[in-house]
Amino acid sequence: MRTNNLTRLLMVVTTLLVAPVLASPQQMESHIGKVTGHSESGKQLFYRYCWGCHGFRGDGNGENWLAPGSWLEPYLNIQPRNFVAATFKCRSTPTGNLPTDQDLYNSLVRGFVNSAMPSWITLTEQNRADLVAFIKTFSARWKNDKPGDPINVPPEPKLSADSIKHGQELFQKLECWKCHGQEGRGDGPSASTLTDSNDQPIRPYNFAVGSRFKCGATNQDLYKIFMTGLDGTPMPSFADVIKPEDAWDLVHFLRTLQVTHKSPELTLWGSTKEGAAQIASRKISGTPTGSGIKQ
Amino acid sequence: MRTKLGYAAGLAVLAASTIGFAGPSGGSISGKVTYEGTPARQKPIDMSKEPGCASQHPTPITTETVVVGPGNTLANVVVYVSAGAPDDATPPGQAVTITQKGCQYLPHVVPMVVNQELKVVNADSNSHNIHPLAKINHEWNKSQPPGTPPFSEKFDKPEFIPVKCNIHPWMHGEFAVLKNSHYAVSGGDGGFTLPNLPPGKYTLTAWHEAYGEQTQEVTISGSETKTVSFVFKAKPY
């Protein structure tokens, strides 16, 4: 069907009339590397690409996710991020802090595995930076608080079987298995009762399938996940209770739980007697989501 | 003759010292919180998934959403001055403490002033994570394994914040972050006292986690004790 000029004009006028009313009047900037994003440009992009899921008000109540209690079932499994609440999972800053512009930009680029949030690598760098700036207009927190300082991620030490063994001890001692299960399949004793901060049921990450995490795919990303916690979810921050060198041991061990993803850690662990026995006994349940996506 | 004068003078000084000095500010408000109707039955908690805690409660404890006492009294109600008193310019120097013991939060309701230090203690032999579900303050979530030292946090805005542990879903507590130090939490007898109130017109608010809020106006003119009572409507569910 060909839209005639009148219809086209009406559509443009409606969008221009409606969008400014709904968007917050304040203007923000974002700084990602050498690129500066502007919220006024981000606004146009948001109301074209994002509001269907994230909602007119940016509160995660888009028409693709219907508010709980609605007589229609929500189409999406996981509720889209509520930008008004300004609580974000994927950060490089300590728990309770705002993410940096780079953190938000990275989330746009990666998308969120196992959710409906796609990778927005199809938009230009400038577009993405503008969107980050606009996201920051939804909550007054961005005006009043500064994002925390990113945590220091020390360089990864050399991989060794001892490191993996120590990581295994930490996994036991820190009781990660209570939620994640002894084999990291997300089937621990507390797993079935977990709810996120909106009282929606949520499952812990299943290490046995796939290789990507919600907040990245590298060892550095994994390090940051448990050293900053995933705010808004049951996953806490362990920054106060793990030393950085111990944290790397835990990272190495966690990689050996990802039995469908060929990593140096898994290969090394499989070459030891203890490791090989462990890996052989692991059941693979669930669907692998693939690995090694380059950004 | 002089001794009698001496006695009289001494008595006068003694009397003056007791009457004139009524504390740093003056009056106080005290009273009782009760409920009418039937409160929901509190359910026993199954802690079998955490044997270290289950063993500490040979008789299982119940949920603490509604804690009542004889005479229809209501406990765990935060009674505080919501208007009429200035905000505390600096928070009290002493920290308030919340202890995780037997997979329970002790106390169930922790009142504190904005920016006052909150100490979090894990007294159990298993891990807990402490997750205040703040909507106005920053929401954070920290793991606290057994044997690790207490850590401190603070909240910079007034809010009533539910607190949970994700590992142990039955654990529930409340933080009451208030603007000033004029507050009390009703005990098992429903009683509360707010001392040291200078003369003035105050709005007193009573907050219960399930039954909501109620307010009353109270005027203090000198060093008297005003009696105030709150009656909440209990719900059977």
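User: What share of the contacts in chain A with a separation of 6 or more comes from residues 24 or more positions apart?

Analyst: In this predicted model, such pairs account for 62% of those chain A contacts. A contact here means heavy atoms within 4.5 Å.

User: Which elements make up chain A, and in what order?

Analyst: There are eleven helices and two strands in chain A. Along the sequence the pattern reads α-β-β-α-α-α-α-α-α-α-α-α-α. As for cover, 49% of the 295 residues of chain A count as buried. The chain exposes about 15000 Å², and carbon and sulfur atoms supply 56% of that area.

User: What makes helix H4 of chain A "mostly covered"?

Analyst: Happy to show the count! Buried means under 20% relative accessible area, and eight of the eleven residues of H4(A), which spans 125–135, are buried. They are A:Arg128, A:Ala129, A:Asp130, A:Leu131, A:Val132, A:Ala133, A:Phe134 and A:Ile135. These buried residues pack against strands S1 (29–32) and S2 (35–38) of chain A, and also against helices H2 (39–54), H3 (101–110) and H5 (141–144).

User: Why is H8 of chain A described as largely enclosed?

Analyst: Eight of the ten residues of H8(A) are buried, so the helix is largely enclosed by the rest of the structure. The buried set is A:Asn219, A:Asp221, A:Leu222, A:Tyr223, A:Ile225, A:Phe226, A:Met227 and A:Thr228. Their cover includes H3, H9 and H10 (264–270) of chain A. After H8(A) comes A:Gly229, with a positive phi near 70°.

User: Why is A:Val241 called partly exposed?

Analyst: Its relative accessible area is 23%. Buried requires a value under 20% and exposed a value over 50%, so A:Val241, at 23%, is partly exposed. The residue sits in the loop between H8 (219–228) and H9 (244–257) of chain A.

User: Which residues is A:Val241 in contact with, leaving aside its neighbours within four places in sequence?

Analyst: They are A:Leu174, B:Ser143, B:Pro145 and B:Thr148. As for A:Met227, 14 residues from A:Val241 along the chain, the C-alpha atoms of the two are separated by 9.3 Å.

User: Now chain B, please. What makes strand S9 largely enclosed?

Analyst: Five of the five residues of S9(B), residues 128–132, are buried, so the strand is largely enclosed by the rest of the structure. Both faces are covered: B:His128, B:Ile130 and B:Pro132 are buried on one side, and B:Asn129 and B:His131 on the other.

User: How do you know that S9(B) pairs with S10(B)?

Analyst: Pairing takes at least two bridges, and S9(B) and S10(B), residues 142–144, have three, in the antiparallel sense.

User: How many bridges join S9(B) to S12(B)?

Analyst: Two bridges join these antiparallel strands, and the cut-off for pairing is at least two. Here B:Pro132 stands opposite B:Val163 in S12(B).

User: What makes S1 of chain B mostly covered, and which strands does it pair with?

Analyst: Seven of the ten residues of S1(B), which covers 27–36, are buried. Five bridges link S1(B) to S15(B), residues 191–197, in the antiparallel sense, with B:Gly27 opposite B:Leu197. S1(B) and S18(B), residues 225–233, run parallel and are joined by nine bridges. In S18(B), B:Val228 is the bridge partner of B:Gly31.

Note on methods:
Residues are numbered from 1 along each chain as its sequence is written. Chains are lettered from A and ligands numbered from 1 in the order in which they are written. This is a predicted model: local features need pLDDT of at least 70, side-chain atom pairs count only at pLDDT 80 or more; totals for chains, interfaces and linings use all residues. Side-chain values use heavy atoms; hydrogens and water are left out. Buried means under 20% relative accessible area, exposed over 50%, partly exposed in between (1.4 Å probe, protein chains only). Helices (H or I, at least four residues) and strands (E, at least two) are DSSP runs, numbered from the N terminus. Accessible areas come from the Shrake-Rupley method with a 1.4 Å probe; for residues, only the protein chains shown count as cover.
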